[in-house]
Amino acid sequence: MQGIVSMSAEQYRQASGVSRSALKWISAPKTPLHFWARFIAKIIPDEETEARRMGSLVHRCVLEPETMADAFHLRPEGMKFTTKEGKAWKEYHEDKPILSTDDVQAIEGMRAAVWAHRKAAQILKSSDFERSLFAEEKGLTLKARFDALPRVGNVIADLK
């Protein structure tokens, strides 16, 4: 496969090819052995941190707000995960991130701030979101994923 295509993030991650984020695994202080252990042998698991989960949800909320309705569970106000009821609720809802009301408000606030920024909104309004690029270079498949790829102009937007 070559060119710019529309596919899910999961399909992109499973597609063969080397991305910039994968290449960071051979940059100091890491080594080619780290790359092998992470991507070939799969000994080093993908880290799923709280910051990464929140970043993914902010990303979805800004670029694909229509996907947010079923993206997380809202933690009932006052629920403590140290109680029997709280532990049971958390275990039952471990299929998706669990957010507090404050988390949801923060995510929605970040979305509003991005879209309120004149230049950001101008770029995003004329963009296709979540596009994947595949190219061949010297027998190696390279891949990249664009957050926002404007249909006109020469800017590629990356939401961080």
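Ser127 lies in strand E4, which covers residues 127-137; helices (H or I, at least four residues) and strands (E, at least two) are DSSP runs numbered from the N terminus. At 7% relative accessibility, Ser127 counts as buried, where buried means under 20% relative accessible area, exposed over 50% and partly exposed in between, with a 1.4 Å probe and protein chains only. The side chain of Ser127 reaches the backbone oxygen of Ile123 at 2.6 Å. Leaving aside neighbours within four places in sequence, Ser127 is in contact (heavy atoms within 4.5 Å) with Ala148, Leu149, Pro150 and Arg151.

This is a predicted model, in which local features need pLDDT of at least 70 and side-chain atom pairs count only at pLDDT 80 or more, while totals for chains, interfaces and linings use all residues. Residues are numbered from 1 along each chain as its sequence is written, and side-chain values use heavy atoms, with hydrogens and water left out.

Asp147 belongs to strand E5 (residues 140-150) and counts as buried because its relative accessibility is 9%. Its contacts, not counting residues up to four places away in sequence, are His59, Leu63, Asp128, Phe129, Glu130, Ala157, Asp158 and Leu159. With Phe129, 18 residues away along the chain, the C-alpha separation of Asp147 is 5.4 Å. The side chain of Asp147 makes a polar contact with the side chain of His59, a polar contact being a pair of N or O atoms within 3.5 Å in which, within protein, one must be able to donate a hydrogen and the other to accept it, and residues adjacent in sequence count only if both atoms are side-chain atoms.

| Side chain | Partner | Distance |
|---|---|---|
| Asp147 | His59, side chain | 2.8 Å |

In soluble globular proteins, nonpolar side chains tend to be buried together. The largest nonpolar core here has 16 residues, of which Leu57, Met68, Phe72, Leu99 and Ile107 touch the most other members; such a core is a set of buried Ala, Val, Leu, Ile, Met, Phe, Trp, Tyr and Cys residues joined through side-chain atoms within 4.5 Å. Helix H4 (50-63), helix H6 (101-116) and helix H7 (118-125) each supply at least two residues of this core, and the largest share, six residues, comes from H4. Phe72 touches Lys96, Pro97, Leu99 and Val104, when residues up to four places away in sequence are not counted.

Lys90, in helix H5 (residues 84-92), counts as partly exposed because its relative accessibility is 42%. Beyond its neighbours within four places in sequence, Lys90 is in contact with Phe81 and Ile98, and its C-alpha atom is 9.5 Å from that of Lys80, ten residues apart in sequence.

Taken as a whole, the protein has seven helices and five strands, which follow the pattern β-α-α-α-α-β-α-β-α-α-β-β along the sequence. Its C-alpha atoms fill a box of roughly 55 × 45 × 30 Å along the principal axes, and buried residues make up 28% of its 160 residues. Among the contacts with a separation of 6 or more, 51% come from residues 24 or more positions apart.
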